[in-house]
Every structure is written in structure tokens, then in C-alpha cells.
Amino acid sequence: MVEEAIIQLTGGIDSTVLAYYLEDKYVLHGTFIHYGYPPQIRELELVKELSKKLDIPLHIIDFSSYIKSFDLPPIDSIQYIIKYQFVIEILASFSAYPNLNTMFVGWLKDEWNNRMSLLKDIESLMGFKVIAPFRTMVKSEVIKLGYELGIDFTKTHSCIVSGKMHCGICMACRSRRRAFEEAKVKDPTIYYYNLHPAEIDKLSRELSLEELVERYFRPFLQYTGEYPKDFVDNLVNILKKYNG
């Protein structure tokens, strides 16, 4: 009998490749953690499409009120600002499927190394197992694997600023572009700012953070039209504080 397991789906490259990689090895049950960020509109669309295509049941876990209750900022340039976020997501995912005790995550080498120690303690305490098949890999290697599996990378989303298109300038977009380049796989992504990551790095060094945000992020946010003006002002202020 094929073993059943949970898979954490995000709409990004890593979890999408993981789903295809595992589809003929396990009976998968998906979770998507919804915090209510605008970029997640696109991520959720992609997760639903992927789940339907691979016949993966999906639980959408709504944490939007959790964010509001702690008055947490809506976004930053590297990750959502929630202490021990990965622990919260793991526990929520297992709660969604109480009869399962194995979960797969798309964490890469750095993510695994940063979380491994705490994760082992939690696993021992709770009696479940979290498996990261890509724990020794970097994103370019996952892209190579995805390419071999025939994955359509346009069906993935990385930008943490917009759900409508990739800005091309946030840290997640830069990481995505670099990974395709290192993998020597054609990047099908349409970026609003079609600048090489090295050019953006240079701009980050030459411009003050305020100049970078006002010159690049604000016009992009206004272009997408997905945020009201007061949200744009708030988001720009957060980007100025946290973007690096």
C-alpha cells in the first residue's frame, strides 16, 4: 500500500517541484497557509490548479486573522515577519490531517540547516516526522530537477510584493532569476523590471534605501493597481525598513 503524507504547498518553485517529484511515490494531502497577503492571491490560484492536476486534496488554513490580531506588518523583503513561522505552519498542517504523521516540505539547504535543530526537538515531542527531500540542494538544483520532470515554471510564483506579476527587484525575484541562470534553464518569468540581479545589487549599493524604494517599488505597486493608496504607503514604509 502506498503511504499517505501531507505536503506543504506554497505556489513557489520548491514546493511545486516537490509535488511532482513525490506524486507517484505517496498519496499526498496538501495544505496551504493563507495569511492574507496580496501576493498569496496568485499563490493560492496556482496551488489550487496544481492540486487539481495532481489529484491532491487541499486544506486551506486561514491565518489572516492571526496576522491582524498581532498587528504584524503585511510583508517584508525576505520573509513574512512571524517568529517561528515554520513551526506554526507545521503544527497547523498536522492539525488539518490528524490521522497522518508524515509531512513533506520544500525547504532547501539553508532553510533546513537553520531549522533542523528546533525541528528535531518538536518531532521528538509531537511524534511526527517532517521530511525535506531537497535539504541538501540549492534552488538552481531544484530548477534542474523540475526541468527534467517537465514542469511549467510559469505555474509558480516567487514575488513577495505582488500577486499579479513578478517585480524583478525584490529579494525573492532576484533569487529566482539567479537560480534559473545558474541552472542554465530558460527563465520563462515576465519581470516588470527586466534587470539582471547584479544590476539591482549595484543599484542597492549606489542608492539610498529610500531612493530605491521610491524609484522602483512605488511605481511598480502603483502599476499593478492591486493595493489601495494607504496600503501602498504602508508597504513602501515597511520596504524601506526591511529591504536589503
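## Basis and overall make-up

Helices (H or I, at least four residues) and strands (E, at least two) are DSSP runs, numbered from the N terminus. This is a predicted model, in which local features need pLDDT of at least 70 and side-chain atom pairs count only at pLDDT 80 or more, while totals for chains, interfaces and linings use all residues. Residues are numbered from 1 along each chain as its sequence is written, and side-chain values use heavy atoms, with hydrogens and water left out.

The protein has ten helices and five strands. Of its 244 residues, 52% count as buried; buried means under 20% relative accessible area, exposed over 50%, and partly exposed in between (1.4 Å probe, protein chains only). Among contacts (heavy atoms within 4.5 Å) between residues at least 6 apart in sequence, 69% join residues at least 24 apart.

## Nonpolar core

A nonpolar core is a set of buried Ala, Val, Leu, Ile, Met, Phe, Trp, Tyr and Cys residues joined through side-chain atoms within 4.5 Å. The largest one holds 29 residues, of which Ile7, Val17, Phe134 and Ile143 touch the most other members. At least two residues of this core come from each of strand S1 (4-8), helix H1 (13-22), strand S2 (27-34), H2, helix H6 (139-148) and H7. H1 supplies the largest share, six residues.

## Surface

The accessible surface comes to about 12500 Å², and 52% of it belongs to carbon and sulfur atoms. Areas come from the Shrake-Rupley method with a 1.4 Å probe; for residues, only the protein chains shown count as cover.

Leu91, Leu125 and Met126 form a nonpolar patch with about 310 Å² of accessible area together. Patches are made of residues with over 30% relative accessible area and no salt bridge, with like charges joined within 9 Å and nonpolar side chains (Val, Leu, Ile, Met, Phe, Trp, Tyr) within 5 Å. Met126 is found in helix H5 (residues 109-126) and is partly exposed at 47%.

## Loop residues with positive phi

Most residues other than glycine have a negative phi. Asp55, with phi near 55°, has a positive value. Asp55 sits in the loop between helix H2 (39-54) and strand S3 (58-62), and is exposed at 68% relative accessibility. Lys184 also has a positive phi, near 60°; its place is the loop between helix H7 (171-183) and helix H8 (197-206), where Lys184 is exposed at 76%.

## Salt bridges

The whole structure contains nine salt bridges, each a side-chain nitrogen of Lys or Arg within 4 Å of a carboxyl oxygen of Asp or Glu. In helix H2, Arg42 and Glu45 lie three residues apart, about one turn of the helix, and their side chains meet at 3.2 Å, N to O. Arg42 is partly exposed at 25%, as is Glu45 at 42%. In helix H5, Glu123 and Lys120 are likewise three residues apart and form a salt bridge of 3.7 Å. Glu123 is buried at 7%, whereas Lys120 is partly exposed at 34%.

Asp201 and Arg174 meet in a salt bridge of 2.9 Å, N to O. Asp201 lies in helix H8 and Arg174 in helix H7, so the pair ties together parts that are 27 residues apart in sequence. Arg174 is buried, at 3% relative accessibility. Salt bridges with shared partners join Arg174, Arg178 and Asp201 into one network.

## Cysteines

A disulfide is a pair of cysteine sulfur atoms within 2.5 Å, and the count here is zero. The cysteine sulfur closest to that of Cys167 is in Cys170, 3.7 Å away and too far for a bond. Cys170 is in no disulfide, and its nearest cysteine sulfur, that of Cys173, is 3.7 Å away. Cys167 is buried at 0% and Cys170 is buried at 1%.
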